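Please prepare a briefing on the model shown below, covering the surroundings of its ligand, its strand pairing and a few individual residues.

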Amino acid sequence: MDIIKNPFSPGAGSPPPELAGREGILEQARVLLARIQAKRPEKSILMTGLRGVGKTVLLNEMERMAEKAGYQTILIEALENKPLPQMLAPQLRRLMYRLDRLAGAGNKVRRGLAVLKSFVGGLKISMGEVEFGLDIEPEPGAADNGDLELDLPALFMAVGEAAEERGTAVAILIDEIQYFAKQELSALIMAMHKMQQRQLPIILIGAGLPFLPGLAGESKSYAERLFSFPNIGPLPRAESIQAVRDPIESAGEQIDPEALEAIYSATLGFPYFLQEWGYQAWNQAGESPISEGDIRETSDVVKRRLDENFFRVRFDRLTPREKTFLRAMAEMGKGPYRTGDIAKIMHVAPGRIGPARANLIKKGMIYSPSHGDIDFTVPLFDEFMRRAVPEFSVEQ
Ligand SMILES: Nc1ncnc2c1ncn2[C@@H]1O[C@H](COP(=O)(O)OP(=O)(O)OP(=O)(O)O)[C@@H](O)[C@H]1O
Ligand SMILES: [Mg+2]
């Protein structure tokens, strides 16, 4: 088998050779895009799911769909500790200039820029005067309260009106949305609420780790009305098999059914693992068809590669105390886990593990699937923890 022709693509956000099992969610996006263009109400989409299930790949695909449908798009990847306005403002500025170049009369685009300039001033975001063009004056009183929950909706209104005036629509795509602070998320929700009330053509498509149970009160009830929260999970058996078999066959090679079954049971259908297994199986097999024996022989290489890449990069970002916390979780086998039980294993009062728990959620290592429970965000991370730290001991 020719290594150069290996079709698989393990890696964060790398488009897979076959985007298996995602027709439903892509259709949902297509409907959303078309309905907003037709001035019909439709819920925006916030995809949530564990690490490596293919959220970024879907978000990129949806951006392509939006562009093809005639939307103006912006794509943002949220980062831990980076404020939302700072990421959004430069992108919106570029978007407004793009709108300005579209045919059409009216002054809503210039007003949008003025409001954006006030917004930036109100929140004291450093963007530099020159970037705006010298002739743009801020519009005092518009989006410059310095309170994001008021200013972001006002800014979105101005952008939405500008887009409407130029006969286009805007898609804002945000990856890793769980990194936003609660107040930022709630501002975003309020802003989308305004878009729906005024029927303005801005949609939001987000992706991130499961976070909805963490939203509280008013923003939660708004969120549930404004967004659909499709869960992006591992692929079912048939689609997992398709994801591995079809690319091999398209590249002119073959794989035995038993080999496909072996890959499915090793990966449990998690897309990242499917790519890694497919990739290594192709390289290890001398010739077609790839057999079950080839998969067995590949197993050590794949596990080592996953340990060294997918798992290890996350492990290395942890403090000793956080490692102990995760190792205590792994000690109990598969999740979800009760916080109280983890404290018990660590021989400390439940209150003492609160900070480590909060930091691990902030780092995106664990999440709360339901109140009082936590689980790993990385599939099979419990097994990795037991390999990385074979003996559990309570940190001194
Ligand atoms: N439907 C699919 N079929 C087969 N492979 C897929 C599919 N979706 C994604 N993949 C593969 O899975 C891997 C992970 O995809 P991606 O980076 O989009 O995941 P993610 O959910 O964004 O992960 P993270 O939470 O770590 O950002 C990539 O190698 C990609 O090619
Ligand atoms: Mg991603």
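In this predicted model, a backbone N or O atom of Glu-18 lies 3.3 Å from a nitrogen atom of ligand 1, which falls under the definition of a polar contact as a pair of N or O atoms within 3.5 Å, where within protein one atom must be able to donate a hydrogen and the other to accept it, and residues adjacent in sequence count only if both atoms are side-chain atoms. Taken alone, ligand 1 exposes 650 Å², and the protein buries 97% of that, with areas taken from the Shrake-Rupley method with a 1.4 Å probe and, for residues, only the protein chains shown counting as cover.

Because the model is predicted, local features need pLDDT of at least 70 and side-chain atom pairs count only at pLDDT 80 or more, whereas totals for chains, interfaces and linings use all residues. Residues are numbered from 1 along each chain as its sequence is written, chains are lettered from A and ligands numbered from 1 in the order in which they are written, and side-chain values use heavy atoms, with hydrogens and water left out.

**Ligand 1**

- A backbone N or O atom of Gly-52 is 2.8 Å from an oxygen atom of ligand 1, and a polar backbone atom of Tyr-272 is 3.4 Å from an oxygen atom of the ligand.
- The shell comprises 27 residues, of which the closest are Ser-9, Gly-13, Ser-14, Lys-55 and Thr-56; a residue is near the ligand if one of its heavy atoms lies within 4 Å of it.
- By class, this shell holds 13 nonpolar, eight polar and six charged residues, where Ala, Val, Leu, Ile, Met, Phe, Trp, Tyr, Cys and Pro count as nonpolar, Asp, Glu, Lys and Arg as charged, and the others, Gly among them, as polar.
- Helices α2 (55-68) and α10 (271-284) each supply at least two residues of the shell; helices (H or I, at least four residues) and strands (E, at least two) are DSSP runs, numbered from the N terminus.

**The sheet β6-β8-β7**

- Three strands form an open sheet in the order β6-β8-β7 with antiparallel pairing, two strands being paired if DSSP finds at least two bridges between them.
- The edge strands are β6 and β7, each of which pairs on one side only.
- Strand β6 (residues 337-338) is joined to β8 by two bridges, and Tyr-337 stands opposite Ile-374 in β8.
- Strand β7 (residues 366-367) also pairs with β8 over two bridges, with Ile-366 opposite Phe-376 and Tyr-367 opposite Asp-375.
- In β8 (residues 373-376), Asp-373 and Asp-375 point one way and Ile-374 and Phe-376 the other, and all are buried, that is, under 20% relative accessible area, with exposed meaning over 50% and partly exposed in between (1.4 Å probe, protein chains only).
- Five residues lie between the strands in the hairpin of β7 and β8, where Gly-372 takes a positive phi near 85°.

- Strand β2 (residues 71-77) is largely enclosed by the rest of the structure, because five of its seven residues are buried.
- Seven bridges join β2 to β3 (residues 169-175) in parallel, and Thr-73 has Ala-171 in β3 as its bridge partner.
- Glu-176, in the loop between β3 and α6 (182-198), counts as buried because its relative accessibility is 14%.
- The side chains of Glu-176 and Arg-51 are joined by a polar contact of 3.0 Å.
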